[in-house]
Amino acid sequence: MKKIIIAIDGYSSCGKSSFAKAIAARLGYLFIDSGAMYRAVTLFARQQGLIENGRVKERELAARLNEIDLSFRYNPETRKSDIWLNGADVEKQIRSMEVSRDVSAVSAVGAVRDFLVARQQQMGRDKGVVMDGRDIGTVVFPDAELKLFMTAAPEVRAERRYKELQAQGAAVRFEDILNNIEERDRLDTERAVGPLRQAEDAVLLDNSDMTIPEQMEWVMKLIEERTRPDKPL
């Protein structure tokens, strides 16, 4: 079975990362969480005082991107790969509401996108990769053999995120999460650089009423089709 690149785009809190991780584990592929990379840069910007009242100091951040070292390391406790920022595991920190509030603004900075896209493309040069994000199939890997675009109703996504944060012990309100998701949808689709959009050759997946096993059964049929030995490269 030949190796391919699987690009998964879609709205926030659609379960893209969980789905991508499950696919990568099933295939023995490398999983790259592009959203975590943007969140890590956002955390760095917050730590360095480069965000004030939701506004990013773009020039200052662009000038300091060379100070950022990102890597994914396997966590034996969770059996998943955590993202590390400058030698520290920041997997939990990047999931905070504060980072969630600022990540769309940071993602809209052209220099940040150029910085991370270059690293993502380098990670995928040997194929056998599953990556999820906002512009993976349109910008990072426009020639990916399989592109998916995930969506779900905002209320469904907010409920999923609410339960996830509650399980982590966070004191959050459902209304705040729903407002955050709707605002992120607006920012992601309206930004000038790398806006969220469905690639023309992407397959739509609305998982509002689907479980992970149901999604896996659906996607494995597509993967089998794309990885057939007689399928042209």
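The second largest cavity holds about 30 Å³ of space, in a model that is predicted, with local features needing pLDDT of at least 70, side-chain atom pairs counting only at pLDDT 80 or more, and totals for chains, interfaces and linings using all residues. Residues are numbered from 1 along each chain as its sequence is written, and side-chain values use heavy atoms, with hydrogens and water left out. A cavity here is a set of points, on a 1 Å grid over the protein atoms alone, where a 1.4 Å probe fits but cannot get out, and its lining residues have an atom within 4 Å of a point. Volume is the space filled by probe spheres set on the points, which are joined across faces, edges and corners.

Around the second largest cavity sit K21, F31, D33, A36, F72, S81, E91 and R95; 3 of its lining residues are nonpolar, 1 is polar and 4 are charged.

Now to the nonpolar cores, each a set of buried (under 20% relative accessible area, 1.4 Å probe, protein chains only) Ala, Val, Leu, Ile, Met, Phe, Trp, Tyr and Cys residues joined through side-chain atoms within 4.5 Å. The largest core has 36 residues, and L61 is one of those touching the most other members. To this core α2 gives the most, with 8 residues. Leaving aside residues up to four places away in sequence, L61 touches V41, F44, A45, L50, V56, V106 and V112. A second, separate core of 21 residues includes Y29 and L148.

Technical notes
Buried means under 20% relative accessible area, exposed over 50%, partly exposed in between (1.4 Å probe, protein chains only). Helices (H or I, at least four residues) and strands (E, at least two) are DSSP runs, numbered from the N terminus. Contact means heavy atoms within 4.5 Å. On a 1 Å grid over the protein atoms alone, a cavity is a set of points where a 1.4 Å probe fits but cannot get out, and a pocket is an open set with protein on both sides within 12 Å along at least five of seven lines; lining residues have an atom within 4 Å of a point. Ala, Val, Leu, Ile, Met, Phe, Trp, Tyr, Cys and Pro count as nonpolar, Asp, Glu, Lys and Arg as charged, and the others, Gly among them, as polar.
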